[in-house]
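The questions below ask what stands behind each label. Each answer sets a value against its cut-off.

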Amino acid sequence: MDPIIKIDKLNVTYFMGKANEVRALSDINLEIFPEEFVIFFGPSGCGKSTLLYSISGLETNIQGDIYIEGKNLSHFKKAEYLNFHRSVIGMIFQAFYLIGSLTVAKNVTLPQVFLNIGKKERRQRAMDLLDYFGVKAQAKKLPAELSGGQQQRVAIARSLINDPKILMADEPVGNLDSKSAQDVMDLLKSLNEKQKKTVILVTHNPAFLSYAHRVVYLKDGRIIEIRVNRQVHGVRLEQAEARPNISKELELLIKTFTSLSPSQIGNLLIPFKAKQIVSEALIGMTTEEIDKIDKKVENLLMTGIYDTDTMMQFLDSEVEKGGLGMDKRSAVKIADKVKEIIKEIKILEEEENKLRFKATADTGSEVMEIRHYLLEAFDIKISNFLALETFNQAIRDRMANIMDRDAFRARLDLSVKEGGVGLDKRTAKKVAKRMELLILGKYK
Ligand code: ADP
Ligand code: MG
């Protein structure tokens, strides 16, 4: 699959060579794929908007190359560039930029006035979009007569009037109350899923991260991490940080069984894995014996309960005693392999649970509230936003009981570099204890 956008060694420096030089973006390399929903995330000033505007061609003070559908943006002829802005990308901003003196319907059709499209057709498309966004009744009103959320819907309708492939949104819900913000985010999600739009969204609000297929974490003008939430086109994109403990082989299988969820793959794999495990020991055995091992290993994998003794007993005790009579060394090897595979399947299931829980974005504010409360209660200051996001995730996981109390404490204690929150041991212990009390409802 070819990327719809490719960014190659992008650098943006303001006031180059002056005392107040700002390196807004440094060495950005990134590929975005058709129908992906990508979020640029990071603290204020980290370069999110600059990156978005560079891709849209609005920021021209760039070094490096940006390719749109394989063509270098800086080599676009005038007509190509116009077409790019009119028909390939749609932009949505935090400030809605609606024209106050034009009706809602006219604001929406504005980008089409410059195209060779009849008035009637323009109006019909505008009304369809307004209808889709639930603001058809407001068509004849002026923007000021609408609520903030409604205005943003109109602005999104406008960005879609020319049916662009790519939607770019810079903090589109930054000015909205949380209910309207959620509605607008859901709209963007459905545009991505149902209308197959590629969506690039800039936000500094971690509550929305689960909407994206991939989240690009920016800091001081650099990409510091890319996290994959979901797959697009059934293609699991490379994650910057390798998933721990999952064998290359399993990773490959995930890529092959593209339409299935990790645990579905896990289940599907079980019979296959069982066969694979025993294949080493098959030489010289009858079909009946092979079937027997197959079933036994499959059962073991299915239950997920692994007991080395039982397995070893089965593998190396005499055939007459219901075993396989395998030599000890092969038996140990196979038993170890089974153990490893069970571990892998468990990891897959855990990951899936986490993703599922992450998808419920409406727990976002609750999580943040708990985090605030915990930090304040022990007068802890965390400024590293990765640490904060890890903290949020740990709270979510603990609340969903995906993570137990000890694991929660350990996550708080672990350094940020190793994927933790980076609290000191004693603080981590205190916070974890308070978290348990919170779960029990002792603090409101
Ligand atoms: P974000 O959108 O993540 O908040 P920006 O991309 O707007 O960050 O800004 C990144 C850095 O570049 C900031 O330090 C900002 O002050 C600076 N910057 C952005 N635009 C300009 C500009 N036109 N002139 C000078 N500095 C700029
Ligand atoms: Mg910005």
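Q: What makes the approach of ligand 1 to K48 a polar contact?
A: In this predicted model, an oxygen atom of ligand 1 is 2.9 Å from a polar backbone atom of K48. The cut-off for a pair of N or O atoms is 3.5 Å, so the pair counts.

Q: Which side chain has a polar atom 2.8 Å from an oxygen atom of ligand 1?
A: The side chain of S49. The value is within 3.5 Å, and therefore this is a polar contact too.

Q: How much of ligand 1 does the protein bury?
A: Taken alone, ligand 1 exposes 560 Å², and the protein buries 62% of that.

Q: What makes α1 a mostly covered helix?
A: Seven of its nine residues are buried. These are K48, T50, L51, L52, S54, I55 and S56, and each is called buried because its relative accessible area is under 20%.

Q: Why is the pair of Y132 and F133 called edge-to-face?
A: The structure holds five aromatic pairs. In the pair of Y132 and F133 the ring centres are 5.2 Å apart, within the limit of 6.5 Å, so the rings pair. Their planes stand at 75 degrees, which is over 60, and therefore the pair is edge-to-face.

Q: Which residues are linked into a cluster by ring pairs?
A: F76, Y81 and F84 are linked in this way.

Q: Why is D379 called exposed?
A: The relative accessible area of D379 is 60%, and the cut-off is over 50%, so D379 is exposed. D379 lies in the loop between α12 (364-377) and α13 (385-399).

Q: What makes the approach of D379 to K381 a polar contact?
A: The side chains of D379 and K381 come to 3.4 Å.

Q: Why does T427 count as buried?
A: T427 has 15% relative accessibility, under the cut-off of 20%, and so counts as buried. The residue is in helix α15 (residues 425-439), and a polar contact of 2.9 Å joins the side chains of T427 and D424.

Q: How do you know that both faces of strand β6 are covered?
A: In β6 (residues 89-92), I89 and M91 are on one side and G90 and I92 on the other, and all are buried. In a regular strand the side chains alternate between the two faces of the sheet.

Q: Why are β6 and β7 called paired strands?
A: Four bridges join β6 to strand β7 (residues 166-170). At least two are needed, so the strands pair. The two run parallel, and M91 has M168 as its bridge partner in β7.

Methods. Residues are numbered from 1 along each chain as its sequence is written. Chains are lettered from A and ligands numbered from 1 in the order in which they are written. This is a predicted model: local features need pLDDT of at least 70, side-chain atom pairs count only at pLDDT 80 or more; totals for chains, interfaces and linings use all residues. Side-chain values use heavy atoms; hydrogens and water are left out. Rings of Phe, Tyr and Trp (its six-membered ring) pair if their centres lie within 6.5 Å; planes under 30 degrees apart count as stacked, over 60 as edge-to-face and the rest as tilted. A polar contact is a pair of N or O atoms within 3.5 Å; within protein, one must be able to donate a hydrogen and the other to accept it, and residues adjacent in sequence count only if both atoms are side-chain atoms. Accessible areas come from the Shrake-Rupley method with a 1.4 Å probe; for residues, only the protein chains shown count as cover. Buried means under 20% relative accessible area, exposed over 50%, partly exposed in between (1.4 Å probe, protein chains only).
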